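Trainee: Could you walk me through this one? I would like to start with the surface and then move on to something else.

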2 protein chains.
Amino acid sequence: MTDRLIWQRLEEGNYRLTQQRQAVLDVMKENRGRHLSAEEVLAEARKKAPNLGIATVYRTLDKLSSFEVLYKMVFDEGKYRYEICEDEHHRHHHVICLSCGQIIEIEEDLLSKLEKHLEGKGFEVVDHQLIIYANCPDCKKKVKK
Amino acid sequence: MTDRLIWQRLEEGNYRLTQQRQAVLDVMKENRGRHLSAEEVLAEARKKAPNLGIATVYRTLDKLSSFEVLYKMVFDEGKYRYEICEDEHHRHHHVICLSCGQIIEIEEDLLSKLEKHLEGKGFEVVDHQLIIYANCPDCKKKVKK
DNA sequence: CCCCTATTGATAATGATTATCATGTTTGAT
DNA sequence: ATCAAACATGATAATCATTATCAATAGGGG
Ligand SMILES: [Mn+2]
Ligand SMILES: [Mn+2]
Ligand SMILES: [Zn+2]
Ligand SMILES: [Zn+2]
């Protein structure tokens, strides 16, 4: 997601970029493609804004998600994770390795057929989330040995 | 999932069916296709076993999930939900209505192509979870008015 | 510089889940 | 049947992520 587009969305939302919010946003931009928890964001952002509190991190992550600058997602560990949006795309998909916990992304969108089917039945599809549980190639090899 | 198969799995796991566990399992069987939280299960199961404690409910739901008698799943409300497994199938898919919160199931499996692709790349696919966020036909009509 | 409002950080509160522990129940050997 | 060991239970405390509260602060427009 380009800085220009981010800026536009914050503008529309009347959202002032304070030092703290800037720090959080910068951390997210420096971690494109990663999926950070609030605590992880706090740890990184404190390098830029040492007194930053966890409450501000939560507030900022939620607000940025509501502006669709971030995705807020949940795997199955009982906590939320956040990632900076990339434009154009629908939410992309995640493969989680059951051995090493690594999260790998896939861009293929084979869901349009399914979504068309639902729209034919009167649904209005807004978004989707697909998680595939797998053993990644490395872990698959290790297990085989 | 047939009683016979459930029985077989508990057997394999050396899992004795106490009154409390039976109560929990019965609630799950009486609610095929629904997605219950631990508290919801507790409320129902207490009709059968009045002194049942929440700890036993959690213990039982987790154990039954580990035997693949139940699915343990997470949407994005910060809590787990459980549903009795149906055989044959891979995990099925869920549509959540963003207006009324209703959960609708879909059986179509259009993910095999994607999973084949991943297996070609060396992954071993174990399971997947697909959630589609939508407005259901009823809510779509209401919003339009 | 001053007022007003938005923002912040510390901390308390909440809600779901898990851990602990004393008590009760079942099992299987005698 | 008796008894010890293993298992299971319910109450309750502990934990963890998240949200709410609130007094102190910052900063922009006059
Ligand atoms: Mn991602
Ligand atoms: Mn289901
Ligand atoms: Zn791996
Ligand atoms: Zn609806």
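**DNA surface and a helix pair**

Mentor: The surface near DNA strand C has five nonpolar, six polar and seven charged residues, where near means a heavy atom within 4 Å, and where Ala, Val, Leu, Ile, Met, Phe, Trp, Tyr, Cys and Pro count as nonpolar, Asp, Glu, Lys and Arg as charged, and the others, Gly among them, as polar. This is a predicted model, in which local features need pLDDT of at least 70 and side-chain atom pairs 80 or more, while totals for chains, interfaces and linings use all residues. Residues are numbered from 1 along each chain as written, chains are lettered from A and ligands numbered from 1 in written order, and side-chain values use heavy atoms, without hydrogens and water.

Trainee: Which helix gives the most to that surface?

Mentor: That is α4(B), with four residues; helices here are DSSP runs (H or I, at least four residues), numbered from the N terminus.

Trainee: New topic: at what angle do α2 and α3 of chain B pack?

Mentor: The angle is about 105°, with the axes 9 Å apart, the axes being lines fitted to C-alpha atoms over the stretch in contact, with angles running from 0 to 180 degrees between N-to-C directions. α2(B) and α3(B) are therefore roughly perpendicular to each other, a label for angles of 65 to 115 degrees.

Terms used. Helix = DSSP H or I, 4+ residues; strand = E, 2+ residues; numbered from the N terminus. Parallel < 35°, antiparallel > 145°, perpendicular 65-115°, else oblique.
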